[in-house]
Amino acid sequence: MLPINLLAVVLAAIAAFVIGFLFHGPLFGKLWMRLADIHPTGNEKFADMIPQMLWNLLSNLVTAYVLAVIYLFASTSSYLSGPGISTGIIVALWIWLGFLVTSSSIEVIWMKRSVKLWLFEVVASLVVMVTMGAIVAGL
C-alpha cells in the first residue's frame with residue numbers, strides 16, 4: 001500500500017469543494033451564470049443539489065488521491081527539489097496543464113462551448129489544483 005496521507009487527501013478534496021463553491025457562488029457566481037447562460041427561476045432548492053454536491057465531493061476525493069499518488073512518485077525524482085509544498089504545486093500545475101486544460105479544450109473545439117466560460121473554468125481549476133497540490137504536499 002502506498003504511504004498516502006489520507007487526511008491530506010480529504011482536506012484537499014474539501015478545499016476544492018469550497019473553492020468551487022466560492023468561484024461559482026459568492027465571488028463570481030453572477031459572471032459564471034452569465035457565461036453559462038444560466039437563468040435562475042428562484043425556485044431552486046438546496047436539497048435538490050445534494051446529489052450533485054456529493055458526486056462533486058467524490059470526484060474531488062479521487063482527484064486529490066491521484067494527485068497524492070503522483071506527488072509521491074514525483075517527490076522522489078531527481079528532477080524536482082524533493083518533498084515539499086513547491087513540489088506539490090509543480091506536480092499540480094503539470095497535471096492541470098497536461099490533463100485538465102487539454103481535455104476540457106475539446107468542449108470548445110468540438111462542442112462549441114464558450115471560450116470565455118472555458119477560460120473561467122480553467123482558471124477555477126487552476127486555483128483548485130494548486131491548492132490541492134499544496135495541501136497534499138504540505139501535510
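How far apart are the end C-alpha atoms of helix 3, and what should its 29 residues span? At 1.5 Å a residue they should span 42 Å, and the end C-alpha atoms are 40 Å apart, which agrees. The expected span here is 1.5 Å times one less than the number of residues. Before going further, a word on what you're looking at: this is a predicted model, where local features need pLDDT of at least 70, side-chain atom pairs count only at pLDDT 80 or more, and totals for chains, interfaces and linings use all residues. Residues are numbered from 1 along each chain as its sequence is written, and side-chain values use heavy atoms, with hydrogens and water left out.

Now step back to the whole chain. Its secondary structure comes to five helices and zero strands, so reading along the sequence gives α-α-α-α-α, because helices (H or I, at least four residues) and strands (E, at least two) are taken as DSSP runs numbered from the N terminus. Along its principal axes, the C-alpha trace spans about 55 × 35 × 25 Å. Of the 139 residues, 30% count as buried; buried means under 20% relative accessible area, exposed over 50%, and partly exposed in between, using a 1.4 Å probe on protein chains only.

Back to helix 3. At Gln52 this helix bends by about 30°, where a bend is the angle between axes fitted to the seven residues ending at a residue and the seven starting there. Its buried residues are Asn60, Ala64, Leu67, Ala68, Val69, Tyr71 and Ala74. Leu72 is in helix 3 too, but counts as partly exposed because its relative accessibility is 22%. Leu72 also sits 8.2 Å from Pro3, C-alpha to C-alpha, though the two are 69 residues apart in sequence.

Helix 4 can be read in the same way. Its 25 residues should span 36 Å at 1.5 Å a residue, and its end C-alpha atoms are 34 Å apart, which agrees. There's a kink of about 35° centred on Trp96, and Trp96 is itself one of the buried residues of helix 4, along with others including Val91, Ala92 and Ile95.

Over in helix 5 you'll find Leu117, which is buried because its relative accessibility is 8%. Leu117 and Ile4 are 113 residues apart in sequence and 34 Å apart in space, C-alpha to C-alpha.

What about empty space? Rolling a probe the size of a water molecule over the atoms shows where it is left. The largest pocket holds about 1,200 Å³. A pocket is an open set of points on a 1 Å grid over the protein atoms alone, where a 1.4 Å probe fits, with protein on both sides within 12 Å along at least five of seven lines; lining residues have an atom within 4 Å of a point. Here 37 residues line it, and Gly20, Phe21, His24, Trp32 and Asn56 lie nearest its centre. Helix 1 (6-24), helix 2 (29-35), helix 3 (46-74), helix 4 (85-109) and helix 5 (115-138) each give two or more residues to the lining, with helix 3 giving the most, at 11.

Finally, the charged side chains. The count comes to one salt bridge, meaning a side-chain nitrogen of Lys or Arg within 4 Å of a carboxyl oxygen of Asp or Glu. It joins Arg113 to Glu107, with the closest N and O atoms 2.2 Å apart. Both partners are partly exposed, Arg113 at 25% relative accessibility and Glu107 at 27%.

Conventions
Points joined across faces, edges and corners; volume = space filled by probe spheres on them.
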